[in-house]
Amino acid sequence: MKRLFVTALAAVLIFSVQTASAWGGWAHNFITYTAEHHLEPEVKAKVEKYLGSSMVKHCRWMDQIRKPIRGKNHPQHEYHMPYKPTLAWHMITVDKDLKISNERAYNNDGDLLPNLKVCIENLKNHRNLTDSAIVVNLKCVIHMIEDMHCPCHVYYTEFPDCFRKPGKKYRWDCFPIKYEGEKATYHKIWDGLSIQVLYPEFNKDYELFRNKLDNLSAKKRAKICEGTIDEWVEQTARDCRVIYEWAEPHDELDRKFLLKHRKLTLQQYHRASCRLAYVLNECLK
């Protein structure tokens, strides 16, 4: 059923250009830009052939067509996904042992991970798919691999309510803080600011950022790509849980906070970009 859906979804393709959310639109672009530079030449050519351009222009598609979760008067009301369950394909739900759980999963199917696996299998079978089906699966794989590495895209069922800390009454999306004096949420700090604010002097120049940050050796990149997707998800869940020990609701945070914890941000950036390139190289070679 899922395979049929992802293939059929091509019929409603790409028509919305708005601001993304997961990892922040700019961060999605930057991670994709980095990954693109590590595609094998023949794979990069295939990707550009199917998408009609650099894949950076398409990495936010899953955010741009999400079913609206706000009122009809909200600026993003026009966002819509013709198949409601895809709304949850941005998140991972894990139990106390950091294994995928359906306990609070939006669709009772593990949300992001199993659906990412379906899309990857579809891409491996791309020679038997229509071009439009390849496009949809490709866009989903790009976005989901990036989302699965975002520090705040893991739901922990050991908490009373997902991102809420034990004993606290705040949900992940209601974890209010102040950033540089302005009202925000903790989710926004990790989702939309964590990479960009580390080097404000680069002014959103992807190539300058990549020259600064894309500095791993081929051996280290290969090491990052070892293991299975399930193991990558467990690693993200294990390493990112600590962010809920670094702040409390209503804390006042600033750039110093993100600089202090830059190691996690950069670690997840490297993992996301390396693994995205690796998966596409394996699927489309």
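Predicted model: local features only at pLDDT ≥ 70, side-chain atom pairs only at ≥ 80, totals over all residues.
Local features are reported at pLDDT of at least 70 and side-chain atom pairs at pLDDT 80 or more, while totals for chains, interfaces and linings use all residues. Residues are numbered from 1 along each chain as its sequence is written, and side-chain values use heavy atoms, without hydrogens and water.

**View A. Packing of helices α2 and α8.** Helix α2 (residues 25-36) packs against helix α8 (residues 206-213) at an angle of about 60°, with the axes 10 Å apart. Helices are DSSP runs (H or I, at least four residues) numbered from the N terminus; axes are lines fitted to C-alpha atoms over the stretch in contact, and angles between N-to-C directions run from 0 to 180 degrees. From α2, Trp 26, Asn 29, Phe 30, Tyr 33 and Thr 34 meet Tyr 206, Glu 207, Phe 209, Arg 210 and Leu 213 of α8 (contact: heavy atoms within 4.5 Å).

**View B. The stacked pair of Phe 30 and Tyr 269.** The structure holds 10 aromatic pairs (ring centres within 6.5 Å; stacked if the planes are under 30 degrees apart). The ring centres of Phe 30 and Tyr 269 are 5.0 Å apart and the planes lie at 5°, so this pair is stacked. Because Phe 30 belongs to helix α2 and Tyr 269 to helix α12, the pair ties together parts 239 residues apart in sequence.

**View C. Lining of the second largest pocket.** Residues lining the second largest pocket include Lys 117, Trp 232 and Tyr 278 (lining: an atom within 4 Å of a pocket point). A pocket is an open set of points on a 1 Å grid where a 1.4 Å probe fits, with protein on both sides within 12 Å along at least five of seven lines. Helices α5 (112-124), α10 (229-240) and α12 (262-284) each supply at least two lining residues.

Key:
Phe/Tyr/Trp six-rings, centres within 6.5 Å; stacked < 30°, edge-to-face > 60°.
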